[in-house]
Amino acid sequence: MDVLEKYKEAWDNQPENSNKVSKSEIYKMMKSKSSSIVKWIFIIGLIEFILIGSSFFLFDIEKSIEAYESIGLNKYFMHFNTKAGLCIFLYFLYKFYANFRSISTTENTKSLMDQILNTRKTVRNYVVINLSYLTIFYLIALVLMIKKQFADLSTVQTIGVAVASLVALAVMLAVIWLIYQLLYGILLNKLNKNYKDLAKLEE
């Protein structure tokens, strides 16, 4: 039996005023737990941003630009791609922090439930947009690479290259999705449990 069920069982044998006190205590407990979870979502997002930003210092940017230019992606597109990715990260970091602040300052159960739903939606959007952005960029690079470097291949060979590249993309997206599930999925499941407990509290 979980903590919430124990509290609710105790309410049946308490006067109305005591029930109100118990509800208040459970709300504070759920608020504290939810706030801690959302804080960790923000921290993980921040660490992810730092690690990806640090990668620019580990690789030779000029060689990367030359490699992309060899398949038809000019440096201006690369700069745009980098800035767009940076903007996406910064936007969602702001949203993660805003969600944390909102949950920390909620004053009633209904508001807390709404903020939990909003946080879960934000994280899901973050994962979907990141994977979509990566997919679009990869597909653009694939099309340009086939046109530039494999123009002399037969139709069958071109299809083979395309299929192999798409399989590699699928594997890469699956790995990234699994990583996101490990990083954020566990926290979202805990948030979902808090939401269900709060829903019981409102019954």
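Predicted model: local features only at pLDDT ≥ 70, side-chain atom pairs only at ≥ 80, totals over all residues.
Q: Where do I start? How many helices and strands does the protein chain have?
A: Start with the secondary structure. The protein chain has six helices and zero strands. From the N terminus on, the order of elements is α-α-α-α-α-α.

Q: What share of the 203 residues counts as buried?
A: Of the 203 residues, 31% count as buried. The chain exposes about 12,700 Å². Carbon and sulfur atoms supply 65% of that area.

Q: Now the inside. Which residues touch the most other members of the largest nonpolar core?
A: The general idea comes first. In soluble globular proteins, nonpolar side chains tend to be buried together. Now the case here. The largest nonpolar core has 29 residues. Ile41, Leu112, Tyr126, Tyr184, Leu191 and Leu198 touch the most other members. At least two core residues come from each of helix H2 (16–58), helix H4 (75–104), helix H5 (109–149) and helix H6 (155–202). H6 gives the largest share, nine residues.

Q: Is tyrosine 184 buried or exposed?
A: Look at its relative accessible area. Buried means under 20%. Tyrosine 184 has 1% relative accessibility, so it counts as buried. Tyrosine 126 also has 1%, so it is buried as well.

Q: How do the rings of tyrosine 126 and tyrosine 184 sit against each other?
A: Check two values: the distance between ring centres and the angle between planes. Over 60 degrees counts as edge-to-face. The centres of tyrosine 126 and tyrosine 184 are 5.8 Å apart, and their planes stand at 75 degrees, so this pair is edge-to-face. The pair links distant parts of the chain. Tyrosine 126 is in helix H5 and tyrosine 184 is in helix H6, 58 residues apart.

Q: How many aromatic pairs does the structure hold?
A: The structure holds 12 aromatic pairs. One of them joins tyrosine 91 and phenylalanine 92. Their centres are 5.1 Å apart, with 80 degrees between the planes, and the pair is edge-to-face. Tyrosine 91 is partly exposed, at 46% relative accessible area. Phenylalanine 92 is buried, at 5%.

Q: Which residues form one aromatic cluster?
A: Phe49, Phe89, Tyr91, Phe92, Phe96, Tyr126, Tyr180 and Tyr184 form one cluster.

Q: What about a residue such as threonine 119? Is it buried or exposed?
A: Use the cut-off again: buried means under 20%. Threonine 119 has a relative accessible area of 1%, so it is buried. Threonine 119 lies in helix H5. Beyond residues up to four places away in sequence, threonine 119 touches Val38, Ile41, Asn99, Ile103 and Leu191.

Q: And serine 165? What is it in contact with?
A: Set aside its neighbours within four places in sequence. Serine 165 is then in contact with Tyr138, Leu142 and Met145. Serine 165 lies in helix H6. Its relative accessible area is 11%, so serine 165 is buried. Serine 165 and leucine 139 are 26 residues apart in sequence, yet 9.1 Å apart in space, C-alpha to C-alpha.

Q: Now charges. How many salt bridges does the structure hold?
A: The general idea: side chains of opposite charge can pair when their charged atoms come close. This structure holds two salt bridges. Aspartate 114 forms one with lysine 110, with the closest N and O atoms 3.0 Å apart. Both residues lie in helix H5, four residues apart, about one turn of the helix. Lysine 193 forms a salt bridge with aspartate 197, at 3.2 Å between the closest N and O atoms. Both of these lie in helix H6, again four residues apart.

Q: Are lysine 193 and aspartate 197 buried or partly exposed?
A: Lysine 193 is partly exposed, at 42% relative accessibility. Aspartate 197 is buried, at 6%.

Q: Last, the surface. Which residues make the nonpolar surface patch of about 570 Å²?
A: Ile159, Val163, Val167, Val171, Val175, Ile179 and Leu183 make this patch. Take valine 175, which lies in helix H6. Its relative accessible area is 44%, so valine 175 is partly exposed.

Note on methods: Residues numbered from 1 in each chain as written. Heavy atoms only, no water. Core = buried A, V, L, I, M, F, W, Y, C linked by side-chain atoms within 4.5 Å. Buried < 20%, exposed > 50% of the residue type's maximum accessible area, 1.4 Å probe, protein only. Areas by Shrake-Rupley, 256 points an atom, 1.4 Å probe, with all protein chains shown as cover. Contact = heavy atoms within 4.5 Å. Patch = residues over 30% accessible without salt bridge, like charges linked within 9 Å, V, L, I, M, F, W, Y side chains within 5 Å. Salt bridge = Lys/Arg side-chain N within 4 Å of Asp/Glu carboxyl O. Phe/Tyr/Trp six-rings, centres within 6.5 Å; stacked < 30°, edge-to-face > 60°.
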